[in-house]
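Trainee: Could we walk through this fold together?
Mentor: Gladly; have a look first.

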Amino acid sequence: MKTYYAKPQEVEREWVVIDAADQVLGKVAAKAAHILRGKNKPQFTPHVDTGDFVIVINAEKVRVTGNKALDKKYYRQKCETFTEAIEKHPERVIEHAVKGMLPKNTLGRKQLTKLKVYAGPEHPHAAQKPVEIKLEEK
C-alpha cells in the first residue's frame, strides 16, 4: 500500500473562528497553531500547507495564569510586560505565541499568514462563512 501525500492544489481550506475571551493564552495559541498546520485533518502532510484559515477574536480579553501578567516580557525596541502589551496591541501578543508554535522555516511563515487576529468581537470575514470552534474549559 502506498502512502498518500496531499498535493498543494488539492487542499481545501476552511475558515475557523476562535473566541479568546477568558481563555488561557497558551491554549488558544496551541489550538490555532494545530489548525494552521492542518494537523486536525486526515490528509495532513508535514511538508505541504494543508491548514485552514484561523480568525481569533476578543484578543484583548485573553488571560494568563500565575504571575505571568507581570513576569512575562516582550522585547522589541523596548521591554514590556504582558499587561502593557495587551493594552497597547493585543493582536501582537497572540501572533507572537502562535508564531513560536509553528515551524521555523518558509512553510511556517506561509502558515502564519493564514492567522487573522482582532482585538474585539468583530471581524471582516463573514463572507467566508467561518465555523466557530469551542475550547474546553476546566
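Mentor: Let's begin with terms: helices (H or I, at least four residues) and strands (E, at least two) are DSSP runs, numbered from the N terminus. Axes are lines fitted to C-alpha atoms, for helices over the stretch in contact, and angles run from 0 to 180 degrees between N-to-C directions. This is a predicted model, where local features need pLDDT of at least 70, side-chain atom pairs count only at pLDDT 80 or more, and totals for chains, interfaces and linings use all residues. Residues are numbered from 1 along each chain as its sequence is written, and side-chain values use heavy atoms, leaving out hydrogens and water.

Trainee: At what angle does helix α4 run to β5?
Mentor: Helix α4 covers residues 90-99. It lies across β2 and β5, and its angle to β5 is about 155 degrees.

Trainee: Which strands stand at the edges of the sheet?
Mentor: The open sheet has 4 strands in the order β5-β2-β1-β6, with parallel pairing (DSSP finds at least two bridges between paired strands). A single partner strand is all that each edge strand has, so one side of each lacks a neighbour in the sheet; these are β5 (115-117) and β6 (131-133).

Trainee: Which residue in β5 is the bridge partner of Ile55?
Mentor: Strand β2 spans residues 53-57 and pairs with β5 in the parallel sense over 3 bridges. The bridge partner of Ile55 in β5 is Lys116.

Trainee: Is Thr50 buried or exposed, and at what relative accessible area?
Mentor: Thr50 sits in the loop between α1 and β2. Buried means under 20% relative accessible area, exposed over 50% and partly exposed in between, with a 1.4 Å probe and protein chains only. Thr50 is therefore buried, at 1%.

Definitions and conventions
Contact = heavy atoms within 4.5 Å.
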